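Hello,

The structure we talked about is below, ready for you to take over. My notes on what was found in it follow.

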Amino acid sequence: LHAVGTDRLEVHWSLEDEQRPDFVPARRVPLPWDANALARSDLEALRRWRLELRSHLERALRDGLRVVGLERDPHRREAVYVLAQSGATP
């Protein structure tokens, strides 16, 4: 995976909170289901995906959004980051 570069995110997640506050998802950013398999089959596609993800997240952060979750659907082999306004808490 590192052949196409990397981006780093700093994550803060409270493991002690039992309640999960409500939030309204503002955006969903698609992720490859299996980045390792994509790297083996099409490194250029993985590179394009990484740059698109970077662009989506940079724009979202500028718009005051933050990542509040990750949704995975194994039946459809899809995954997305869920983004909401900065006041929302996962």
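**Salt bridges and their surroundings**

E78 has a relative accessibility of 37% and counts as partly exposed (buried is under 20% relative accessible area, exposed over 50%, partly exposed in between, with a 1.4 Å probe and protein chains only). This is a predicted model, in which local features need pLDDT of at least 70 and side-chain atom pairs count only at pLDDT 80 or more, while totals for chains, interfaces and linings use all residues. Residues are numbered from 1 along each chain as its sequence is written, and side-chain values use heavy atoms, with hydrogens and water left out.

The side chain of E78 forms a salt bridge with that of R76, at 3.4 Å from N to O (a salt bridge is a side-chain nitrogen of Lys or Arg within 4 Å of a carboxyl oxygen of Asp or Glu). R76 is exposed, at 58% relative accessibility.

R27 and D63 are joined by their side chains at 2.5 Å, N to O. This pair ties together distant parts of the chain, 36 residues apart: R27 belongs to strand 1 (residues 27–31), and D63 to the loop between helix 2 (43–62) and strand 2 (65–73). Helices (H or I, at least four residues) and strands (E, at least two) are DSSP runs numbered from the N terminus. R27 is partly exposed at 29%, and D63 is also classed as partly exposed, with a relative accessible area of 41%.

The other pair is R47 with E44, whose side chains meet at 2.9 Å, N to O. Both residues are in helix 2, three residues apart, which is about one turn of the helix. R47 is partly exposed at 27% relative accessibility; for E44, also partly exposed, the value is 39%.

**Fold and sheet**

The chain contains two helices and three strands, in the sequence pattern β-α-α-β-β. The three strands form an open sheet with order 1-3-2 and antiparallel pairing (strands pair if DSSP finds at least two bridges between them). Strand 1 and strand 2 are at the edges with a single partner strand each, so one side of each has no neighbour in the sheet. From one strand to the next, the twist averages 25°. Helix 2 packs on this sheet and touches strand 1, strand 2 and strand 3, and its direction makes about 165° with that of strand 1. Such axes are lines fitted to C-alpha atoms, for helices over the stretch in contact, with angles from 0 to 180 degrees between N-to-C directions.

Strand 2 and strand 3 (residues 78–85) are antiparallel over eight bridges. Along this pairing, L65 has Q85 as its bridge partner in strand 3, G69 is opposite V82, and R72 is opposite A79. The hairpin of these two strands has four residues between them, and R77 there takes a positive phi near 55°. Strand 1 and strand 3 are antiparallel over five bridges; in strand 3, L83 stands opposite R27, the residue that also bridges to D63.

**Core and totals**

Which residues make up the largest nonpolar core? There are eight: V29, L31, L53, L57, A60, L65, A79 and L83. Strand 1, helix 2 and strand 3 are the elements that each give two or more residues to this core, and helix 2 gives the most, with three. A nonpolar core here is a set of buried Ala, Val, Leu, Ile, Met, Phe, Trp, Tyr and Cys residues joined through side-chain atoms within 4.5 Å. In soluble globular proteins, nonpolar side chains tend to be buried together.

Apart from its neighbours within four places in sequence, V29 contacts L53, H56, A79, V80, Y81 and L83 (contact means heavy atoms within 4.5 Å). For the chain as a whole, residues 24 or more positions apart account for 59% of the contacts with a separation of 6 or more.

Of the 90 residues, 22% count as buried. The accessible surface of the chain is about 6900 Å², 49% of which belongs to carbon and sulfur atoms (Shrake-Rupley method, 1.4 Å probe; for residues, only the protein chains shown count as cover).

Regards
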